[in-house]
Amino acid sequence: MKAIRHVAVNVFKESVRDKVLYSIVVFAVILIATSYLIGQLTAGQDLKIIKDLGLASISIFGLLIAIFIGIGLVWKEVEKRSVYTLLSKPVRRSEFVLGKYCGLVLTLCTNVAVMTIAYYGVLAYLQRIALSGELATSPAPATDPAMLKAIVLIVVELMLVTAIALFFSTFSSPFLSAVMTAGVWVAGHFNDDLRNFGALVDLPLVARLTRAAYYVIPNFAAFDVKNEVVHAQPVPLGYVGITTLYGLVYIAFVLAGAVTVFSRRDFK
Amino acid sequence: MKSVVLLAALFASVIGAAGMEEQQRSALLPEGDASDILYVRSPAFLTRAALSYDALVADIYWIRAVQYYGGTRLSKDQNKNFSLLYPLLDLTTSVDPYFDIAYRFGAVFLGEDYPGGAGRPDLAIALLQKGLRAQPDKWQFAEDIGFVYYWWVRDYHAAGEWFNRAADMPDAPEWLKPLAAVTLAQGGSRDSSRRLWTEIARNPEAEWLQRQAEFRLKQLDAMDGIDFMERIVRQYRERTGALPSSWNDMIRARFLRGLPLDPTGTPLRLDPSTGTVTLDPSSALNPLPRTEQPH
């Protein structure tokens with residue numbers, strides 16, 4: 001456990017040194033600039049658009065960090081040969097992989113936490129000063145706490161993407177890992193189509209295969225409740241809980257795979 | 001120092017080349033062509049391609065629809081058309097079926113008479129009905145359908161029916177039932193129009209619609225004012241045996257205290273040969289809606 005913590009803290013420090021947290025500044029600037037520009041571009045719905053943009057930015061920035069840092073986590077250590085030094089110390093390979101994962105998740109959570117504070121800060125400012133007229137008819141207050149449900153699910157989604165990127169990085173090059181992680185993420189948004197595909201074909205084997213693929217490919221669409229919270233549609237806490245549990249179980253499975261692959265790699 | 005000069009020279013070259021390229025491109029493509037292109041027309045495809053950013057994609061298409069409507073409306077092109085307006089609104093509301101303003105404003109953009117809008121109340125109704133399929137309890141959509149029937153289709157019976165339907169929906173305001181009754185009884189009268197626009201002007205949901213309603217109410221006031229002035233002109237003729245050659249004749253004869261103004265403060269115009277009173281061509285209230293019965 002101590003070893004995992006050491007590796008994780010090092011990954012976090014390295015991310016800070018790599019100026020990953022600068023994305024937060026970019027996020028805040030985009031959000032604030034947009035809040036002024038949106039009013040000039042559209043007739044009404046400024047608040048909705050700013051909420052949409054904020055949630056999408058948290059997700060996109062997080063996704064970019066998860067993929068592009070996740071794919072290099074293990075590969076970089078192998079490429080720089082620093083993995084030999086690390087593994088010569090009392091650190092098991094599983095601890096190394098899990099430490100790397102926890103470090104990146106820590107970086108992501110810090111990013112998302114600060115972006116969320118900036119997001120609510122901008123919305124609170126708009127609530128007070130800029131959009132008092134529109135707020136009267138908005139389905140939810142500007143700083144609606146229900147939006148945190150969407151942010152929690154974004155974090156779980158990012159944790160899952162990080163686990164997948166890390167898994168691929170244990171045996172593949174960064175380019176291939178990025179392509180494969182992005183591919184799984186995109187495919188995960190078409191899960192409902194996979195489930196329904198069986199009804200469209202007469203071949204039972206194909207139907208069974210697509211059904212199996214539906215269960216195997218992570219259902220990323222399930223983590224998306226951004227539109228619902230912005231429109232103040234009900235998102236039960238039970239749904240958030242079950243989806244989080246689904247994400248955590250999947251993460252455990254992918255990390256177990258990553259540990260298994262990395263443990264069997266021959267570095268000689 | 002040399003490298004700075006070189007960099008500045010190269011930067012200037014880049015700007016120059018971009019300017020030349022822009023000139024060449026505008027010579028090849030007529031103005032406005034780029035904005036008239038809609039690469040994605042399939043709502044089903046766009047919904048899938050948006051992945052988990054459907055709300056953001058809907059916002060982009062909504063902004064595009066607003067810009068397209070505004071740009072086309074202001075365009076001086078004699079052959080302008082709003083052909084992309086419905087596809088843009090259809091895409092917006094397919095990707096985000098809860099985008100209420102896209103249905104409501106979109107219906108106004110589509111229903112408004114050409115060239116102020118697309119002049120397609122049929123598409124406005126189709127868009128609002130799509131909204132009702134997505135949110136069957138949204139009384140505002142049913143009210144808006146009634147409004148489109150009333151104002152642009154001039155089918156007052158259908159308008160009254162839709163106002164009734166809206167009134168029966170959950171959380172519908174109390175004023176909808178009387179509005180439906182007035183529309184069914186005196187559809188097309190100026191009083192029922194005034195009632196309709198007054199309720200829209202009270203609606204805090206959309207500032208733009210409120211401004212529209214205030215404008216329409218001023219037009220109705222102007223129409224009342226014109227009717228009133230034509231009655232005064234007739235009285236003048238009955239008393240003097242001739243039509244006035246100008247408003248000054250009527251002021252001198254103490255029929256008027258001053259120049260009659262429309263609600264924007266622009267003097268009304270008198271046709272001395274017929275005694276007809278109209279808005280001055282410079283009035284911001286032009287064009288007035290097609291003839292409506294005063295009562």
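A: Of the 268 residues in chain A of this predicted model, 40% count as buried. The C-alpha trace of chain A spans about 70 × 55 × 30 Å along its principal axes. Chain A contains 13 helices and zero strands, and its elements, read from the N terminus, are α-α-α-α-α-α-α-α-α-α-α-α-α. When contacts between residues at least 6 apart in sequence are considered in chain A, 80% of them join residues at least 24 apart.

The helix to be examined belongs to chain B, and is α7(B), residues 139-153. Chain B has been assigned two domains, domain 1 (35-135) and domain 2 (188-295). The C-alpha centres of these two domains of chain B are 35 Å apart.

Two packed helices are described by the angle between their axes and the distance between the axes. On the side of α5(B), the contact is formed by Tyr103(B), Arg104(B), Ala107(B) and Gly111(B). On the side of α7(B), the residues that take part are Gln140(B), Phe141(B), Asp144(B), Val148(B) and Trp152(B). An α-helix has 3.6 residues a turn, so residues three or four places apart point the same way.

The residue that follows α7(B) is Arg154(B). Arg154(B) belongs to the loop between α7 and α8 (156-167) of chain B. Its phi is near 60°, a positive value in a residue other than glycine. Arg154(B) has 14 other C-beta atoms within 10 Å, and is therefore partly exposed.

Arg254(B) is located in the loop between α12 (247-252) and β1 (269-271) of chain B. With 7 C-beta neighbours inside 10 Å, Arg254(B) is counted as exposed, because the limit for that class is 12 or fewer.

The loop between α5 and α6 (121-134) of chain B holds Pro115(B). The peptide bond that leads from Tyr114(B) to Pro115(B) is cis, and its omega is near 10°.

The largest nonpolar core has 124 residues, and Ala163(A) and Leu85(B) have the most contacts inside it. Helix α8 of chain A, residues 147-169, supplies the largest share of this core with 17 residues. From chain B, domain 1 (35-135) and domain 2 (188-295) each contribute at least three residues to this core. Apart from its neighbours within four places in sequence, Ala163(A) is in contact with Tyr101(A), Ile251(A), Val254(A) and Leu255(A). There is also a second, separate core of six residues, among them Trp247(B), Met250(B), Leu270(B) and Val277(B).

Ser177(A) is part of helix α9, residues 174-187. Ser177(A) has 26 C-beta neighbours inside 10 Å and therefore counts as buried, since 20 or more are required. Beyond its neighbours within four places in sequence, Ser177(A) touches Ile71(A), Ala165(A), Phe168(A), Ser169(A) and Ser172(A) in the sense of a contact.

Val216(A), by contrast, counts as exposed, because it has 9 C-beta neighbours inside 10 Å. Val216(A) is placed in helix α11, residues 204-216, of chain A. From C-alpha to C-alpha, Val216(A) and Tyr250(A) are 9.5 Å apart in space, with a separation of 34 residues in sequence.

Technical notes:
Residues are numbered from 1 along each chain as its sequence is written. Chains are lettered from A and ligands numbered from 1 in the order in which they are written. This is a predicted model: local features need pLDDT of at least 70, side-chain atom pairs count only at pLDDT 80 or more; totals for chains, interfaces and linings use all residues. Helices (H or I, at least four residues) and strands (E, at least two) are DSSP runs, numbered from the N terminus. Two residues are in contact if their C-beta atoms, placed from the backbone, lie within 7 Å. Domain bounds come from an automatic or database domain assignment. The expected span of a helix is 1.5 Å times one less than its number of residues. A nonpolar core is a set of buried Ala, Val, Leu, Ile, Met, Phe, Trp, Tyr and Cys residues joined through C-beta atoms within 7 Å.
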